[in-house]
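Okay everyone, let's get going.

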Amino acid sequence: MENEENAENGEVLVKPPTLSASDRLAAKKRFRTQRRLSTMKNKVLRNAQWATLKKEKRKVKKEGQKQRKKEAEALGDKAPPKQIPRTIENTREADITTVDHDDEEVTFDITHDEYESYFSKTYVPKILITSSDNPHSKTIHFIRELTKIFPSSECQWRKRSSVKKMIQSAKEKNYTDVVVINEDRRVPNGMLVSHLPDGPTAYFKISNVKLTKDMKYKNIIKEFTTHRPEVILNNFQTRLGQAVSRMLASLFHYDPQFKGRRAVTFHNQRDYIFFRHHRYEFKSQKRAALRELGPRFTLRLKWLQKGTFDTIEGDYEWIIAGKRHEMETSRRRFFL
Amino acid sequence: MAMIVWSIINKSFCSYKVNTKTQRFCRNEYNLTGLCNRSACPLANSQYATVREEDGNCFLYMKTVERSGFPRNMWEKVKLSKSLEKALRQINEYLIYWPGFIKQKCKQRLLKISQYLIRMRKLRLRRQKKLVPIQRKQERRERRREEKALVAARLDSAIEKELLERLKRGTYGDIYNFPQVAFNKALEEEEDAEVNMEGEDYGEDEENEGEEAEEEIDEELEKELEEESENEEIEYVEADSDLERELESESDMEDIEPKATTSVKDNTRRKPRLEIEYETETLSKNAKRTV
């Protein structure tokens, strides 16, 4: 993995090795033994044969590595660039909607979307957090922690109101966002974020929730301050990803208090958005120490809809519910 | 005729009869009570009536002796009114002179049906929870992919990188009194070593900062830095002194080794002002507990 940084950009992915005649013979032999392997009915013998085959392969690989290393040392500066191993990230299918920050259209869209007023610092977000009916203890704790993370957020219990009516009354009370945590089997499993004055609505699936009290350091709750955190949004590459990242960013105050040294991160990796909450300290210009506070959870976007919550008649910008076969065409295709 | 039918059905076989440990049920759709009795069996009674519901409308079905020879037209179907009162009066009207058992059971059945219809209507007005079935394979796949994505993400280093980049870009302004980038570039290698050893504790000791900071720094800058650190210091002592102390002694797992050298030095410097707390972390236990 560290080879990536040394080599040129995307130039040399691992190619199949150029073989000499003896190597080719050896490869043929290996192929034949492999084919024979699948016809052996005796499991014990088959496994033994497989083990020897693997050993051989590993030996060949190690020799190749050693040789390459020797050559690189011998050549010194003129050594060929190190090969980059293939990862899912660098073999990701190219997406037409990848954001190119210099693109005029993108910047135009950004300055005219629903979050423009947030990013031009005209208002402070005010969030209403609620849950589904009859939340259980884990959900309740989770919601309480969310109120500590989002500055200027309030929690109100559901009491059997419908989402549409809730949104209506929240608008009247000047809230700017509504967050509804859905619960299933006593555990929070979904998050609905709706930006209020006719903003987009997104539904995420929540997984792997870890509350503050389950964190490594005991009593880390005492280190929570009320400083406004800064938001880090990593790796949102497509237009859809950009829309989602702006939505998440607009839940926080536009002006973070750097003295508080709190950082809230939404990191997108392969369509999973990881949420982390840290306190950081710069040990030097080259190193920063992080200490994890607060809950951690992962989000996965299920649908994004223009306008406030209206699942029946709404206009979906992106939805994956019934269209998996169309959309998940390859293992290297991601949407965010 | 009816008696013959009953003697056969009762004793031997009836295809609508369901036997359980305590009761006999009748699966005939025209049965009034649902139990298999002499008085409730639609096959064994030549004069019979039921109330059945279809799409929210209640119908009264009647069977008379005169039509027992025409199985096609045997059941007479009458639509009852939607209001319960009127429907009851209709039943009274149609089933006048009929045996009391049938009248009573018809009315009871009508009542029950209307009650459940009301409940259905009420439920449909409320919010209904949409039950989405979990697809097992999808769940398993997603969970696995999430783990892999987490490993590939290397969150800590990504966050650290981003923060350092922001520092470089200058989004933090003058809060952190690291020497400016221009100076840094000239002295990078030297500084790295020094900086790591001496540990830049911003805002802790203004005097020592002044001394240890590289001599190349302008006097102005130095004064600025001192002022900054003064202000910083005040704030720290008020708010975050606990945090500072803890962060020094019980740092992240990644930073434990290099920290060892710095913490000792720092603590001695801070002796006159703060107490020293040493905490050791049990790495082995915690290291295994991954996400």
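**A few spots in chains A and B**

So, start with B:R154, which sits in the loop between α4 (136–153) and α5 (155–169) of chain B. Helices here are DSSP runs of H or I with at least four residues, strands are runs of E with at least two, and both are numbered from the N terminus. Quick housekeeping: this is a predicted model, where local features need pLDDT of at least 70 and side-chain atom pairs count only at pLDDT 80 or more, while totals for chains, interfaces and linings use all residues. Residues are numbered from 1 along each chain as its sequence is written, chains are lettered from A and ligands numbered from 1 in the order in which they are written, and side-chain values use heavy atoms, with hydrogens and water left out.

Back to B:R154: it's not a glycine, yet its phi is positive, about 45°. With a relative accessible area of 45%, B:R154 is partly exposed; that label covers what falls between buried, under 20%, and exposed, over 50%, using a 1.4 Å probe and protein chains only.

Over in chain A, A:S152 isn't a glycine either, and has a positive phi of about 55°. You'll find A:S152 in the loop between α6 (137–149) and β2 (153–155) of chain A.

Now, β7 of chain A, residues 262–269. How many of its eight residues are buried? Eight of the eight. A:R262, A:V264, A:F266 and A:N268 point one way, A:A263, A:T265, A:H267 and A:Q269 the other.

As for neighbours, β6(A), residues 230–234, runs parallel to β7(A), joined by five bridges; two strands count as paired if DSSP finds at least two bridges between them. A:I232 has A:T265 in β7(A) as its bridge partner. Then β8(A), residues 272–282, runs antiparallel to β7(A), with eight bridges. There, A:H267 stands opposite A:F274. The hairpin of β7(A) and β8(A) has two residues between the strands, and A:R270 takes a positive phi near 55°.

Last stop, chain B. There's an open sheet of three strands in the order β3-β4-β5, paired antiparallel. Why do β3 (48–54) and β5 (75–79) of chain B each have one side without a neighbour in the sheet? Because they stand at the edges, each with a single partner strand. Five bridges join β4(B), residues 57–63, to β5(B), and B:M62 stands opposite B:E76 there.
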